[in-house]
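Here are my notes for your review. Please read them with the coordinates open.

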Amino acid sequence: MKAIIEVKNLSFSYTSQSAGRLPAQPILKHITFRVIQNRFLTIAGPNGVGKTTLINLLCGQLRAQAGSIIIDNAHIESYSVGKLAQKVAVVRQEFVPIFDFTVAEVVSMGRTPYLGTFGFEGKTDRAVVSEALEATDTAQFALRPLGSLSGGERQRVFIARALAQNTAILLLDEPTSFLDLKHQVGIYDLLKEMQLEKGKTIVAVTHDVNMAAQYADEILLLGADNSYYIGKTKDVFKPEQIEKVFGVRVFTCNIKQESFFLPLGKFAKASTHINSKLSSKQEE
Amino acid sequence: MGQVLTAKSLVIKVLLCLAALAVVMGLCTLIGTQKVSLKRVFAGPGSSPGENIDYEILIGIRLPRVLLAALVGAALACSGVVLQAILRNPLADPYILGISSGAGLGVMTAAISGISWSFLGGSPIGFFAFAGAIVTVWLVWYIGHFTGKSQVTSLLLAGVVVNAFFSAIIMFLTSIAKSEQVISTIFWLMGNITGKNLPVLFVSAGCILAGIIVLFTISHRLNVLALGQAEAKGLGVDVARTRIIAFAFAAFITAISVSLSGLIGFVGLIIPHGARLVFGPDHRQLLPLSAIIGAAFLIIADTIARVIVAPAQLPVGVITAIAGGPFFLILLARYSRKVSWLK
């Protein structure tokens, strides 16, 4: 089993210059993990623990102060920007670009790392692009401006662009955070399909522990105190672990082996039921 | 089918637009206060200078002026396209980084100090305008580079601040200078295309065309950069390098056109938008087509400027501003609702 991403002893802190007047504080500290080729890894954890930072480190957007990242047997620093873009594609939260690019134009931009001096797509490029459009079911609105699509459709377009980039690794930073339930599931189904049918290695950041549990092979759970847990989903996502890391009480329910977690706030209706049960138990 | 631009379809479009430009140039050369007989023009210059008046007017006066307008129009439109993409701001124009006020200050300095030597046969005004523009752009770039992590925003702010500061100095100099010193400067500030001697015209044409070609080679990266810095890097674009090339060459061709013809407003703003509305935002196509349309637009505007109040002439900047002002307001209303360019 070949590891395509190897992170060793990685530490990162935003320097005081880029973080304003705050003193430098390590956001990631001594993190070590590896991602096996063709696996689906989800990075979960509360706000501000460095999930997005980790994605930005993995795609070369940021440089770590200590430790190393090895992508496909070579140090990430040894890649040029263009070569790295042939290994790793990134999908961030969907957005509307400033100019009215059409869907086909945006997906074609995925070919940028492969283009020559004048930057025109050749036959192969166009074939890859139309394949990416088909695979993500976005070919139907290829000629429409991106801004005229719904959020879920737009996110599919950005995934299509990542496919057109033809990389072994797909990184996603909260790809579904603005989407409704149907579109969330749609995006995760699409990602799973990419993993199973196209052999992609997928690393996705999410807040949604249940979605992560349902689709990922492995979980990297980042905690606020620079702690982290890595492993198979069922080993990492235990109720006590989730309560500790997220700092919230959860109600756990199981469908066969699969666990689902529901957060319970102080005034949540279910919360009062559980509280009264607990207190009546105590009275007995 | 036609969903993605190909090199072939681009070449066809560019050739068609060039043909249209040639027609515009021909027609505008024929239009003027003095009636010119084509038959007499083709008879040649004649043996002694001034023998064939028709030839002198058409080839000696109007044609260079039309070529100059084409050159300046193309440079300003290209510069506008590039700066709008790099700054990710649809309201950016070639002067946004302080070129106008820097060049203005240079010209003011030349006028007040009474320098009268000439450079390459050109007037000191052109030279000082170019020097002022380049120094100011460098200053804005330097300030923007050192004031923040979000380079685009700090560049914009630096440009605005430097523009305001230099404009204040220009006003101060205007108020203390003698009126006859200032009158030529005021015409210059309004944008004025007048005859230039041929060596200056050819050197400038070479520089501007070379600049446009360099910008064309980065145009596919501009597409990606318009999506944002992180997106561009993720797609394998060397953001810092692309940005420096874009800024440097956009500033260079703008500075040359400013030194040739003063401050001609709105061309660099409305032509890119007009072209984008018609041809879409793909910069590989937008850049060359904007250059051609900008050239045609300024030729027409200059033709109007020289015939509309004949025998007097208007500064061409007045025409472009009168045509461009309302258009700009429509854009402002349209875009400020729709586009989140501060994302």
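How far should the 18 residues of helix α6 of chain A span at 1.5 Å a residue, and how far apart are its end C-alpha atoms?

1. Length of the helix. This is a predicted model. Helix α6 of chain A covers residues 181–198.

2. Buried side. A:I187, A:Y188, A:L191 and A:M194 are buried in α6(A). Viewed down the axis of α6(A), the buried residues stay within an arc of 110°, so they line one face of the helix. With 3.6 residues a turn, residues of an α-helix three or four places apart point the same way.

3. Packing partners. Which elements do the buried residues of α6(A) pack against? Two are helices of chain A, α5 (151–164) and α7 (209–215). The others are the strands β7 (169–173) and β8 (201–205) of chain A.

4. Opposite face. Turned away from the buried side of α6(A) is a face with exposed residues. These are A:L181, A:K182, A:D189, A:L196 and A:E197.

5. Chain contact. Chain A puts 30 residues into the contact, and chain B puts in 28 residues. On the side of chain B that touches chain A, α9 (219–225) and α10 (229–234) are the elements giving two or more residues. α9(B) gives the most, with four residues. By class, this side of chain B has twelve nonpolar, eight polar and eight charged residues.

Notes: Residues numbered from 1 in each chain as written. Chains lettered and ligands numbered in written order. Predicted model: local features only at pLDDT ≥ 70, side-chain atom pairs only at ≥ 80, totals over all residues. Contact = placed C-beta atoms within 7 Å. Nonpolar A, V, L, I, M, F, W, Y, C, P; charged D, E, K, R; others polar. Expected span 1.5 Å × (residues − 1). Buried ≥ 20, exposed ≤ 12 C-beta atoms within 10 Å, placed from the backbone. Arc of directions from axis to C-beta.
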